[in-house]
Amino acid sequence: MAWFEGFERQTLTVMGLPVCYRQSADWAAQAHLPVLVLLHGFPQTHVMWHRVAQNLRGRYRLVMPDLRGYGDSSHAVGDAEHAHYSKRAMAQEVVGLLDALGVGDFFLCGHDRGGRVAHRLALDHAQRVKKLCVIDIAPTLDMYSGNWGKAPEVTGPVADPYFAFAQAYYHWFHLTQPAPLPEFMIGGNAKAYLHAKLGGWGSQGLAYIEPEALAEYERAFCNPMLNEQGWSAAIHSAAEDYRASAGIDLEHDRVGRERGDKIACDTLVLWGSRGVVNRMFRPVELWQAQCAGQVAGQVMPSGHFIPEELPEATSDALANWMV
């Protein structure tokens, strides 16, 4: 099957900024089908969903955007509070895209960073989300706070879960350093950094990635375009995503928890058996604490990049849940 056969790549201006996305090509003819929105993670773009999209084609009308700061969507310089890359702002942009497409309510799934955008979207726009799926994440506030939900599996010379988590997810702390230190360090060999991330977190190398997808990740992440500060636009905007998660997003999460905000819809959690989330956290319990609806979970025999490592199993899980 040809690359993204049955899907169209488009760019729309949403709230004054370009949003690149793919959607089902026969959109109007399939108006009777429910809409499923798929959000990618770091350091990828929407093309991570190619195999899943082909499996689900004809069952849903699919929308797969490049999140703000990634791929061919916008890469603006971040503000002092990192609010431009807050999950609230990114979720609002996704909703704006769906508004432009004439979509009311929809099913929603996010992997990695996309899962964090999906979490915020389900809180801020509860009436729009019919069911939710988050892939290989626990809630951000719990992860940064060390709310493991279980006794983490820790090995090595320092038997401390905070040490183990920081070592496994060092990028969560490195990317939050003030600009432009991470931008310059990663920009020194962006391709090597990209490959290290894509091959890590239990994913055992790059063999699981389609050649077309890897070429897209390299094109997007290693893009030589500089922003007005003279920094790599792609690397800076990805770092801003993480800076927001370590700051303003945590503020939003704390306020919401104090207020008693919960995800209203039923939620499915998928996580990889070889990944950090499986070793360190009990995701179903942590997500159930943040959901008013039913939470179901399934551990998958994979590393972090589940939709690409196990596209058939991911597609089946989504098709069984998103009804």
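This report describes aromatic ring contacts and charges over rings in a predicted model.

Residues are numbered from 1 along each chain as its sequence is written. In this predicted model, local features need pLDDT of at least 70 and side-chain atom pairs pLDDT 80 or more, while totals for chains, interfaces and linings use all residues; side-chain values use heavy atoms, without hydrogens and water.

A search of the whole structure finds 19 aromatic pairs. Rings of Phe, Tyr and Trp (its six-membered ring) pair if their centres lie within 6.5 Å; planes under 30 degrees apart count as stacked, over 60 as edge-to-face and the rest as tilted.

| Pair | Centre to centre | Angle between planes | Class |
|---|---|---|---|
| W148 and Y162 | 5.3 Å | 65 degrees | edge-to-face |
| W148 and F165 | 6.1 Å | 70 degrees | edge-to-face |

W148 lies in the loop between α4 and α5 and F165 in helix α5, so this pair ties together parts 17 residues apart in sequence. Y162 is also in helix α5, 14 residues from W148. Helices are DSSP runs (H or I, at least four residues), numbered from the N terminus.

W148 counts as buried because its relative accessibility is 10%, and F165 is buried as well. Y162 is partly exposed, at 49%. Here buried means under 20% relative accessible area, exposed over 50%, and partly exposed in between (1.4 Å probe, protein chains only). W148, Y162 and F165 are among the members of one aromatic cluster, which also includes W172 and F305.

Charges also meet rings. The charged end of R22 sits over the ring of F4, 4.2 Å from its centre, and that of R113 sits over the ring of Y242, at 3.8 Å. The criterion is NZ of Lys or CZ of Arg within 6 Å of the ring centre and within 35 degrees of the ring normal.

Key
Helix = DSSP H or I, 4+ residues; strand = E, 2+ residues; numbered from the N terminus.
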